[in-house]
Each structure stands twice: as C-alpha cells, then as structure tokens.
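Reader: I would like to learn how to read strands, helices and contacts in a model. Could we take them in turn?

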Amino acid sequence: MNATARSPQNNALIVDDERDIRELLVLTLGRMGLKCDTASSLHDARALLRHNQYALCLTDMRLADGSGLDLVREIAQQHPNTPVAMITAFGNQEAAVDALKAGAFDFVSKPVDLTVLRGLVQNALKLTPKARATAEVGRTTGEIPGTATRLLGNSVAMGELRATLAKVARSQAPVYIAGESGVGKELVARTIHDEGARAGGPFVPVNCGAIPAELMESEFFGHRKGSFTGAHADKTGLFQAAEGGTLFLDEVAELPLPMQVKLLRAIQEKSVRPVGANGEVPVDVRILSATHKNLAALVEEGRFRHDLYYRINVIELRVPPLRERRGDLPLLANAVLARLATAQNRPHPVLHPDAVEALNAYTFPGNVRELENILERAFALADDDGIRASDLRLPEPRPATPTAAAAAVTTPLDPSRIDPRESASSALPSFIEEIERKAIEQALQDNRYNKTKAAAQLGITFRALRYKLKKLGID
C-alpha cells in the first residue's frame with residue numbers, strides 16, 4: 001500500500017492481489033497522466049479511501065480478504081464522486097452484471113485489453129459533478145436542462161425519474177427503458193447520453209423493428225466488400241457508428257432470436273465481426289434499450305432470450321404514462337403551446353376552460369406524444385381567441401369494461417338465442433367464431449395491440465389468446 005498527497009483529479013486507486021496486474025495497471029494509467037495508489041486487499045483499500053480522494057478506482061473481483069463487490073458497494077455509498085470499475089475473469093459476465101448493479105460504472109475482463117482499459121479510464125475521467133448538479137436542478141425546477149417537454153413535470157413520478165436519470169448517467173451500465181408508446185423513452189435515452197461521460201460521442205438510435213431480418217447482421221455489424229450479392233463497398237455498422245458513444249436499441253423486443261444471440265455476444269465481448277471479415281473489431285459503446293412490450297413476459301414465453309434480457313436489463317427505468325401524472329398536464333400543455341407559438345411566430349394561445357376540462361377527462365392512450373399532436377392540430381384550427389374543446393377533436397371515449405362480445409370469448413353461448421332454422425352443422429361454429437373474432441379484434445384495438453393486456457381484458461390466458469389468434473387467422 002502506498003499513498004502520496006496529490007490532487008484527486010489525477011489520483012487513481014488500484015486494488016488487486018496480483019502484483020503483475022497492479023504493475024501493468026500502474027504503468028498504463030501512469031502514461032495517461034494518473035498517479036496511482038495500490039492495494040492488495042480490501043483492508044488496505046479501505047484505509048486508503050479513508051484518507052484520500054480518487055478520480056477513479058479499479059478493483060479486482062476476488063481479493064484475499066473478500067469480494068471486490070463489497071468495495072464497489074462501499075464506494076458507491078460512501079464516495080459517490082469516485083467512479084469504480086470492476087476487473088473480472090474472462091467470460092464471467094454474471095459477475096460483471098452484478099458489479100454494474102452494485103454501482104460500478106463499467107468493467108474490464110482479464111486478460112486486460114489495454115485499448116479497452118484506456119477507453120474505460122477516459123470515460124471515467126470525463127465524469128464530473130455535472131450529473132449530480134443536474135439531479136438537484138431537476139428536483140427543484142421540475143426539468144433537466146436541455147431536455148424537451150416530455151420530461152417536464154412536478155409530479156412525484158417525474159421527480160423520481162429525473163433523480164434516477166442523473167445517477168444512471170454516471171454509469172456505463174446497460175439501461176432498459178420500459179414504458180408505453182409515446183411516453184418519451186428515446187428522450188430518456190438521449191438524456192442519459194447527454195448527461196454522462198459519453199456526451200461528446202455519437203448517439204445512434206435504431207428502431208429494431210424497422211430493419212429486415214436478412215439485413216440485420218450487416219446493419220448492426222457492417223460488412224466487407226464482396227461479402228454477399230450487392231455488397232459493392234465496405235459498410236460501417238451501427239456499433240462502429242456509435243464508437244465512443246451510445247447505441248440506443250428502440251423496440252428491442254422485435255429482434256429475431258438468431259440476431260439476439262449475435263447481439264449478446266457483441267455486448268459481452270465488446271467487439272463485432274463485420275459480415276465477410278476475418279477478424280473482430282473492438283467497439284466501445286454503451287447500450288441503452290427500450291420497448292413498449294412486456295419484455296419479461298416475452299422471456300417467459302421463449303420469444304426473448306433470458307441471457308440477453310439479463311444483460312441489457314442491468315438497470316431498469318420505467319417512464320410513467322401520462323394518466324399517472326395528470327397533475328403535469330397544465331405544465332406540459334403550456335410548454336407545447338409555447339413551442340408551437342414561437343416556431344410559427346404567433347401569439348401564445350389560451351386554453352379555454354372547456355378545453356382544459358376535456359383534456360383532463362381524456363385518457364391519452366398515446367401519452368405525451370398524443371398530447372403534442374392534439375395540441376398542434378388544435379393550434380392550427382383555433383381562432384385568435386384561443387383553443388376550445390371543439391378544436392381538440394378528441395376521440396370518443398371507449399368503454400373501460402369488456403364489451404358484451406368480449407364476454408362471449410369465455411362465456412358459453414345461450415342456446416336459446418340461436419335461430420333453430422340455422423344449420424347446426426356449420427352456422428353455430430361460424431357464429432361463435434365471428435363473435436370471438438370481433439371481441440378479440442376490439443380488445444387488441446383497445447390495448448393498442450398489446451396482446452398481454454388484451455388477454456387480461458378478455459379474461460383468458462396469453463397462451464389461449466395466441467391459440468385463438470392462430471385459429472382465427474388474426475395477424
């Protein structure tokens with residue numbers, strides 16, 4: 001154990017019980033302008049942390065007197081300004097994920113790849129008190145500087161989300177963003193990127209459901225000229241395009257299973273193999289993902305790989321729907337209208353009481369995106385005196401309870417209601433199927449084609465719904 005008085009800005013702590021590893025890390029970090037203290041045990045590391053401040057800590061997983069995970073947790077709680085990274089055995093991805101969940105901002109595998117290590121250290125040194133200041137601003141003003149209207153709000157749910165975002169931004173851990181369509185999942189991802197160490201790098205969003213299955217590998221990993229028909233030149237993949245920054249996998253649930261396997265390997269190994277290439281290319285990207293579907297349910301059904309889910313869902317963020325934060329409606333509406341008025345060089349419109357009442361009564365199945373669209377349309381149609389309820393043109397409310405037809409999916413048909421003149425051999429099955437079809441199609445529409453929710457509304461299991469969809473030929 002050694003220590004000298006120096007500025008915490010260029011001071012690092014290395015914790016490893018292997019002397020050769022300590023020397024390699026000291027040499028590598030020294031060439032990057034860092035002065036290093038070293039410790040071979042938890043006891044020594046704790047003693048150094050009591051008397052010094054560090055810009056970075058690297059710790060091995062297994063130490064003679066305990067687990068490096070304990071040190072990660074202690075640093076996260078007692079020294080939140082010090083980013084800590086875990087050194088794990090090659091291939092031990094479970095340990096890496098555990099470290100990220102415990103508070104580590106990143107990890108590096110043994111044998112240590114010096115290129116990966118240098119990138120990790122550079123990202124750590126970029127972490128400043130900015131994210132903590134951002135969290136405080138968000139708690140007191142109701143928004144994060146630089147973000148759009150979808151993260152506005154003084155509700156408890158949005159305050160908690162902004163505070164969590166500021167903490168997550170300091171990490172390099174993969175984040176899974178859950179939420180309904182229109183809540184602002186991509187905006188959350190952009191905020192994590194902009195407030196973190198990778199803000200200077202690219203933010204590359206990709207809609208996984210918009211890429212044809214046969215082109216996915218080429219799109220994600222790139223390809224070499226001549227690797228397949230039509231490959232007339234080398235192409236850079238999305239992973240390489242996001243080098244040094246963030247790759248946002250929107251609608252990740254749409255990835256086919258074969259691509260999930262390849263994506264998992266790329267995330268674990270931090271390298272990709274372009275189609276037609278002989279070797280792999282190292283990549284330094286942070287993975288953020290999102291979907292409006294229930295990813296855990298898809299895992300249970302075997303439609304999404306458990307190991308990939310475990311890898312991308314190190315930190316889960318849930319973005320609340322608008323109906324859970326109705327108190328934010330006035331603030332959101334005012335911000336949207338102010339933006340529209342400025343863009344069109346028109347006076348800020350007034351929302352008349354009947355328009356406010358109509359908005360408060362509406363359920364907003366499309367969330368904030370739908371609110372923005374409704375107000376933009378109303379702003380275009382409104383007279384100079386402001387926006388009235390008629391200008392909003394809100395859809396007619398749908399019944400909150402299952403329809404009578406929906407009940408027919410699970411309720412036996414009353415024989416007395418069947419016309420005896422109908423042919424018993426064909427009319428009855430056709431009649432029942434038509435009722436079921438209408439009930440299922442209505443439930444799917446009511447729940448924006450979320451099959452899990454549609455099944456719950458119909459009072460049947462998800463598996464039963466899948467069977468009926470196949471039987472009835474409903475896509």
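Predicted model: local features only at pLDDT ≥ 70, side-chain atom pairs only at ≥ 80, totals over all residues.

Reader: In what order do the strands of the open sheet stand, and how do they pair?

Author: The order is 2-1-3-6-7, five strands in an open sheet, and the pairing is parallel. Strand 2 (35–39) and strand 7 are at the edges with a single partner strand each, so one side of each has no neighbour in the sheet. From one strand to the next the twist averages 20°.

Reader: Is strand 7 buried or exposed?

Author: A residue counts as buried under 20% relative accessible area. By that cut-off five of the five residues of strand 7 (residues 106–110) are buried, so the strand is largely enclosed by the rest of the structure.

Reader: Which way do the side chains of strand 7 point?

Author: In a regular strand, side chains alternate between the two faces of the sheet. In strand 7, Asp106, Val108 and Lys110 point one way, while Phe107 and Ser109 point the other way. The residues on both sides are buried.

Reader: Now the helices. At what angle do helix 1 and helix 5 cross?

Author: The axes of helix 1 (residues 19–30) and helix 5 (residues 114–126) cross at roughly 60° and come within 11 Å. The perpendicular class begins at 65 degrees, and the two helices are therefore oblique to each other. The crossing of helix 1 with helix 5 is right-handed.

Reader: Which residues of helix 1 and helix 5 meet?

Author: From helix 1 they are Leu24, Leu25, Thr28 and Leu29, and from helix 5 Leu114, Leu117, Arg118 and Val121. By class, the residues of this contact are six nonpolar, one polar and one charged.

Reader: Which residues cover the two faces of strand 8?

Author: Strand 8 (residues 175–178) has Val175 and Ile177 on one side and Tyr176 and Ala178 on the other, and all are buried.

Reader: How far apart are Ile315 and Ala173 in sequence and in space?

Author: They are 142 residues apart in sequence, and 7.1 Å apart from C-alpha to C-alpha. Ile315 belongs to strand 14 (residues 315–318). Leaving out residues up to four places away in sequence, Ile315 touches Val168, Ser171, Ala173, Pro174, Val175 and Tyr176.

Reader: Last, is Glu370 buried or exposed?

Author: Glu370 has a relative accessible area of 17%, and is buried. Glu370 sits in helix 16 (residues 367–381). Apart from residues up to four places away in sequence, Glu370 touches Tyr362, Phe364 and Pro365.

Methods
Residues numbered from 1 in each chain as written. Heavy atoms only, no water. Buried < 20%, exposed > 50% of the residue type's maximum accessible area, 1.4 Å probe, protein only. Helix = DSSP H or I, 4+ residues; strand = E, 2+ residues; numbered from the N terminus. Axes fitted to C-alpha atoms, helices over the stretch in contact; angles between N-to-C directions. Parallel < 35°, antiparallel > 145°, perpendicular 65-115°, else oblique. Left-handed = near helix turned anticlockwise from the far one by under 90°. Contact = heavy atoms within 4.5 Å. Nonpolar A, V, L, I, M, F, W, Y, C, P; charged D, E, K, R; others polar. Pairing = 2+ DSSP bridges.
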